[in-house]
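Subject: Structure for your review

Dear colleague,

Please find below the structure that I am handing over to you. My notes on what was found follow it.

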Amino acid sequence: MTDHADREKAGGSDRAGFRTRAIHVGGEVDPVTGAVVAPIHFASTFRQPGAGQWGEYDYSRSGNPTRTALQQTLASLECGRTNQCAGALAFSTGMAAIHAVTMLLKSGDHVVAGTDIYGGAYRLLHQICDASGIRVTLVDMTQPDAVEAAICADTKLIWGETVGNPRLTVPNMLAIAEIAKKHNVITGVDNTFATPALMRPLEWGIDIVMHSATKYLGGHSDCLGGTLAVANKELFDRLYFIQNATGAVLDPMSCFLIARGLKTLDLRIREQSKTALQLARWLESHDKVRSVLYPGLSSHPQAELAATLFDSELPTSEKCFGAMITFELDAPLEKVKRVCQNTRLFHLAVSLGAVESLIEQPATMSHASYAPEDRAKHGITDSLIRLSVGLENFADLQEDLERAFDA
Ligand code: PLP
């Protein structure tokens, strides 16, 4: 067996660990030059063997080798123990990936969605899908009974987030997948905050797992991207058709950057999670902080469930709970804004999941597209602050926040 085939087999094996697959599946040695990093294929079109004859690739909207490599890595990482992934697709942005899922629906169909979801997904459901005659009911996804009660004859999709945004709720997606199967409804989850390193919802029976690859998968705030990993072939084929027909594919350069990011995803999210846990504990003991939402704290409303869903194969002492923290300051709005504007290491910016730490105020930034009454109803108060914890040293981040609190 050649060295190349050996490596491919080792990386592709079900037994290979997450980090091994992140490095070796999809990113094979270039057979022409031996380069250990595959070249980026910028070609938009490919020479065909004959008129009406098609090779593996013909036109980059339909397929591109650099995109294929990324999609193979992703499918392998989402597979987990159950091998439950028919394939992955890479889109131009996370929103394009969610939009493709909603294009499975037609006028008259109904969606049950979580109350704790990204503002852009809320806007898509309420201002784009709504205009195409698709109805939406928002429910608290931490209550599986409420999800089931919201299902009607027209319900075709249940959409939620494995870790909600911005309140970091952790719904029981295992229970929701079971309910959906009973009612023959497709389930789609946004797994951006948890990443496939910490949660693999296809293992729980979820049909479609989505990521804003702009965040942890890329990990360096230098490209946009979105991904879908799909449990079964029939659904995968429908989503591939939608993507090819509508064209929101990821460009080759971004495919390369995200594939590169995936190689260090497991390391990054674990280090960032450790710092986040330290910061969450410190914030919880701080007299200027009213409350802290972090799934790794025993005070989190779904702490017990989070401990079973995050890092399901690891003992409690080794589990990681992600690197997002939401907390409420015991202060009026102007003071909350001042804190967000006075950090030096935490950049005041939307987005998340990169090596540098970010701070934002959901009510005026990531969730500004929520209707004010929905923000109020769903606990997105003016005093909430959301942190995306990066790879800086804990002590420096702690000092940065302390200085901003005193400003
Ligand atoms: N899902 C979550 C949880 C997000 O935070 C975002 C963006 O912030 C998106 C989806 C949308 O992704 P993108 O910005 O790549 O379109």
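**Cysteines**

The structure holds 0 disulfides, a disulfide being a pair of cysteine sulfur atoms within 2.5 Å. The sulfur of Cys79 has its closest cysteine sulfur in Cys85, at 4.8 Å, which is too far for a bond. Cys79 is buried, with a relative accessibility of 10%, and Cys85 is buried at 14%. Here, buried means under 20% relative accessible area, exposed means over 50%, and partly exposed lies in between (1.4 Å probe, protein chains only).

**Basis of the model**

This is a predicted model, in which local features need pLDDT of at least 70 and side-chain atom pairs count only at pLDDT 80 or more, while totals for chains, interfaces and linings use all residues. Residues are numbered from 1 along each chain as its sequence is written, and side-chain values use heavy atoms, with hydrogens and water left out.

The pLDDT is the predictor's confidence in each residue, from 0 to 100. The protein chain averages a pLDDT of 94, and 96% of the residues score at least 70. Over residues 1–10, however, pLDDT stays under 50. Where pLDDT is low, the predicted coordinates should not be read in detail.

**Lys215**

An unreviewed UniProt entry annotates Lys215 as "modified residue: N6-(pyridoxal phosphate)lysine"; UniProt positions follow the numbering used here, feature names are shortened, and annotations may be inferred rather than shown by experiment. Lys215 is placed in the loop between strand 6 (208–212) and strand 7 (226–230). Strands (E, at least two residues) are DSSP runs, as are helices (H or I, at least four), and they are numbered from the N terminus.

Is Lys215 buried or exposed? Lys215 is buried, its relative accessible area being 13%. Apart from neighbours within four places in sequence, Lys215 is in contact (heavy atoms within 4.5 Å) with Thr192, Ser351, Leu352 and Gly353.

**Two domains**

The protein chain is divided into domain 1 (4–262) and domain 2 (266–406), with bounds from an automatic or database domain assignment. The contact between them takes 44 residues from domain 1 and 45 residues from domain 2. The two domains bury about 3,500 Å² between them, 58% of it on carbon and sulfur atoms. Buried area is the accessible area (1.4 Å probe) that two parts lose on being put together, summed over both. On the domain 1 side, Arg167, Leu198 and Tyr216 lose the most area to domain 2, together 22% of what that side buries.

With kind regards
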